[in-house]
Amino acid sequence: MLSDTQLGAVEQPPGSITIAEKVVAKLASRAALELPDAAAAARRGLGRSMPKASARVEGDVAVIDLEIGVRWPASVPRVTAAVRRHVRERLTSLTGLTIAEVRIVVTDLATGIPSLRVR
């Protein structure tokens with residue numbers, strides 16, 4: 001069996017916790033969807049549609065990148081400001097991390113109207 005040192009684990013003081021970046025990213029994705037005018041980007045495949053998220057965590061500080069959709073006709077600046085604020089608050093509450101930055105790219109406009117096909 002490999003030791004923590006052999007696995008590349010960072011030494012942690014007794015009682016500390018490390019949260020994987022992929023877990024922080026999933027929490028950020030779910031937090032973004034808690035707001036009514038934020039949506040997942042357009043579906044690209046099978047499965048549940050969630051905003052694309054990534055996180056970089058260094059110590060107790062994280063930077064989050066999100067790709068979201070905005071529901072029509074909501075204001076993009078208002079929605080992204082609300083998402084940024086909400087994700088920062090939720091992640092701090094859920095993880096104890098300091099969220100230094102939440103970078104958002106709006107990649108979709110969610111209209112809820114099926115596209116019309118020309119035959």
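**Contacts, core and helix**

Guide: V87 touches A28, A31, A32, L66 and V102, leaving out residues up to four places away in sequence. Contact means heavy atoms within 4.5 Å. The model is predicted: local features need pLDDT of at least 70, side-chain atom pairs count only at pLDDT 80 or more, and totals for chains, interfaces and linings use all residues. Residues are numbered from 1 along each chain as its sequence is written, and side-chain values use heavy atoms, with hydrogens and water left out.

Visitor: Which residues touch the most other members of the largest nonpolar core?
Guide: I64, L66, V83 and V87, out of 22 residues in that core. A nonpolar core here is a set of buried Ala, Val, Leu, Ile, Met, Phe, Trp, Tyr and Cys residues joined through side-chain atoms within 4.5 Å. Buried means under 20% relative accessible area, exposed over 50%, partly exposed in between (1.4 Å probe, protein chains only).

Visitor: What order do the elements run in?
Guide: From the N terminus, α-β-β-β-α-β. Helices (H or I, at least four residues) and strands (E, at least two) are DSSP runs, numbered from the N terminus.

Visitor: Now α2. Which of its residues are buried?
Guide: V79, T80, V83, H86, V87, L91 and T95. They cover an arc of only 135 degrees around the axis, so they sit on the same side of α2. The arc is that of the directions from the helix axis to the C-beta atoms.

Visitor: And what do they pack against?
Guide: The buried residues of α2 pack against α1, β1, β3 and β4. The face turned away from the buried side carries the exposed residues P77, R78 and S93.

Visitor: What comes just after α2?
Guide: G96, with a positive phi of about 80 degrees.

Visitor: Switching topic. Where is M50?
Guide: M50 lies in the loop between β1 (38–39) and β2. M50 is partly exposed, at a relative accessible area of 24%.

Visitor: What is M50 in contact with?
Guide: S29, R30, L33 and A40, leaving aside neighbours within four places in sequence. M50 and E67 are 17 residues apart in sequence and 9.4 Å apart in space, C-alpha to C-alpha.

Visitor: How much of the chain is buried?
Guide: Buried residues make up 28% of the 119 residues in the protein chain.
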